[in-house]
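Please open the model in your viewer and keep the selection panel at hand.

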Amino acid sequence: MGTLEFVVDDDRCYGCGACIGLCPTNALSMKELLAIVEQELCTYCDHCIPSCPVDALKILGR
Ligand code: SF4
Ligand code: SF4
């Protein structure tokens with residue numbers, strides 16, 4: 001299995017917060033109107049991805 005990386009496109013994210021509470025492992029939090037991820041907690045489940053109105057959440061490497 002390759003290495004996956006969860007990324008927040010910080011040019012797109014405007015801090016609406018829609019994604020934050022959806023993460024089952026609490027990998028997402030908000031810092032100064034930007035969603036940030038704790039990479040070690042992300043299980044790459046995709047659950048948060050469709051919640052973002054500006055398509056800022058991506059999983060790279062697959
Ligand atoms: S992909 Fe899943 S585990 Fe990773 S941040 Fe989104 S909801 Fe959380
Ligand atoms: S849903 Fe998208 S725009 Fe809203 S905080 Fe999350 S990443 Fe940012």
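In what follows, Ala, Val, Leu, Ile, Met, Phe, Trp, Tyr, Cys and Pro count as nonpolar, Asp, Glu, Lys and Arg as charged, and the others, Gly among them, as polar. A residue is taken to be near a molecule if its C-beta atom, placed from the backbone, lies within 6 Å of it. The model is a predicted one, in which local features need pLDDT of at least 70 and side-chain atom pairs count only at pLDDT 80 or more, while totals for chains, interfaces and linings use all residues. Residues are numbered from 1 along each chain as its sequence is written, and chains are lettered from A and ligands numbered from 1 in the order in which they are written.

**The two ligands**

Move on to ligand 1, which is surrounded by 14 residues, with Cys23, Cys42, Cys45, His47 and Cys48 the closest. The shell of ligand 1 divides into 10 nonpolar, 3 polar and 1 charged.

**The chain as a whole**

Now zoom out and colour by secondary structure, where helices (H or I, at least four residues) and strands (E, at least two) are DSSP runs numbered from the N terminus. The chain has 0 helices and 4 strands, so its radius of gyration, taken over C-alpha atoms, can be set beside the globule rule, 2.2 Å times the number of residues to the power 0.38. The radius of gyration is 11 Å, close to the 11 Å that this rule gives for 62 residues, so the chain is as compact as a globular protein of that length. Along the principal axes, the C-alpha atoms fill a box of roughly 35 × 20 × 20 Å.

A residue counts as buried if 20 or more other C-beta atoms lie within 10 Å of its own, as exposed if 12 or fewer do, and as partly exposed in between, with C-beta atoms placed from the backbone. By that count, 11% of the 62 residues of the chain are buried. Two residues are in contact if their C-beta atoms, placed from the backbone, lie within 7 Å; among contacts between residues at least 6 apart in sequence, 59% join residues at least 24 apart.

**The hairpin**

Select residues 28–31 and 34–37, which are strand 2 and strand 3; they run antiparallel and are joined by 4 bridges, where pairing requires that DSSP find at least two bridges between two strands. Across this pair, Leu28 stands opposite Val37, and Ser29 stands opposite Ile36.

The hairpin has 2 residues between the strands. Most residues other than glycine have a negative phi. Glu32 counts as exposed because it has 6 C-beta neighbours inside 10 Å, and Leu33 counts as exposed with 11.

**The core**

Next select Cys19, Cys23, Leu28, Ala35, Cys48 and Leu57, the 6 residues of the largest nonpolar core, a core being a set of buried Ala, Val, Leu, Ile, Met, Phe, Trp, Tyr and Cys residues joined through C-beta atoms within 7 Å. Leaving out residues up to four places away in sequence, Leu28 touches Cys19, Ile20, Cys23, Ala35, Val37 and Cys48.

Cys42 lies in the loop between strand 3 and strand 4 and, with 17 C-beta neighbours inside 10 Å, counts as partly exposed. Beyond its neighbours within four places in sequence, Cys42 is in contact with Phe6, Thr25, Ala27 and Val37.

Cys45 is placed in the loop between strand 3 and strand 4 (57–60), and its 14 C-beta neighbours inside 10 Å make it partly exposed. From Cys45, draw a C-alpha to C-alpha distance to Ile59, which is 14 residues away in sequence and 9.6 Å away in space.

Finish at Ile59, in strand 4, which is partly exposed with 15 other C-beta atoms within 10 Å. Not counting residues up to four places away in sequence, Ile59 touches Leu4, Phe6, Tyr44 and Asp46.
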